[in-house]
Amino acid sequence: MRKLPREFYDRDTEQVARELLGKLLVRRIDGVSRIGKIVETEAYLGVHDLASHSSRGRTPRTEVMFGPPGYAYVYIIYGVHHCLNVVTEPEGHASAVLLRALEPVRNIESNTKGPGLLCRALGIDRRLNGHDLTGGELFLSEPERIEPFEIEARPRIGVDYAREWAEKPLRFIIRGNPSLSRK
DNA sequence: AGGATGATATCC
DNA sequence: GATATCATCCTC
């Protein structure tokens, strides 16, 4: 299993968001690996991006975003759902990629078509906030085989408050994949 | 179209 | 301490 190295995340966020498509997200619980293929991502570009949590400044919640790349930023949204991001670019840049949907590959029974649903299916919660993604219980890896696909860019979801940033095509999907989130 | 449900940031 | 807001999901 070829785990993505920290250098993978230490690059332009939009590029990381694109290249994460087709990669595997692996969650190990009690020796069992739940694996899904990433089919939908969103890039959050740092403190100037009004849709990014980090644009509100450095707070206890966003602390991980301001740290080094290759770590998980997990937060609770609407008091109900968890969302998983991977931190990108050098320390202090405060950018990240939100994982929005997976195609089940192994040991996944429930719905993964949405950021909250994929966290539920993989047993991801706040305890994994700040977790090193080059570690053992949650990481990303290169798939064994790569099916060819086309990337499509669209506006991000749920960020209407971000004015001109709301319309930028920073959401990336594998075109036509059946496991995309609705909308 | 609207409610759930609670952490978080920001105000007093 | 109170309040407004939320990178969502589900039901109607």
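**Notebook: chain A and DNA strand B**

I started with the surface: chain A exposes about 9,100 Å², and carbon and sulfur atoms supply 48% of it (Shrake-Rupley method, 1.4 Å probe). A note to myself: this is a predicted model, where local features need pLDDT of at least 70 and side-chain atom pairs count only at pLDDT 80 or more, while totals for chains, interfaces and linings use all residues. Residues are numbered from 1 along each chain as its sequence is written, chains are lettered from A and ligands numbered from 1 in the order in which they are written, and side-chain values use heavy atoms, with hydrogens and water left out.

Next I checked burial. Of the 183 residues in chain A, 51% are buried, meaning under 20% relative accessible area with a 1.4 Å probe, protein chains only.

Then I looked up the fold. I found 3 helices and 9 strands in chain A (DSSP runs: H or I of at least four residues for helices, E of at least two for strands). Their order along the sequence is β-α-α-β-β-β-β-β-α-β-β-β.

Which residues are around DNA strand B? I listed Thr-59, Pro-60, Arg-61, Tyr-78, Gly-79, Val-80 and Arg-126, using the rule of a heavy atom within 4 Å.

I went on to the polar contacts (N or O atom pairs within 3.5 Å). Thr-59 has a polar side-chain atom 2.2 Å from a phosphate oxygen of DNA strand B.

Note on methods: Polar contact = N/O pair within 3.5 Å; in protein donor to acceptor, adjacent residues only side chain to side chain. Buried < 20%, exposed > 50% of the residue type's maximum accessible area, 1.4 Å probe, protein only.
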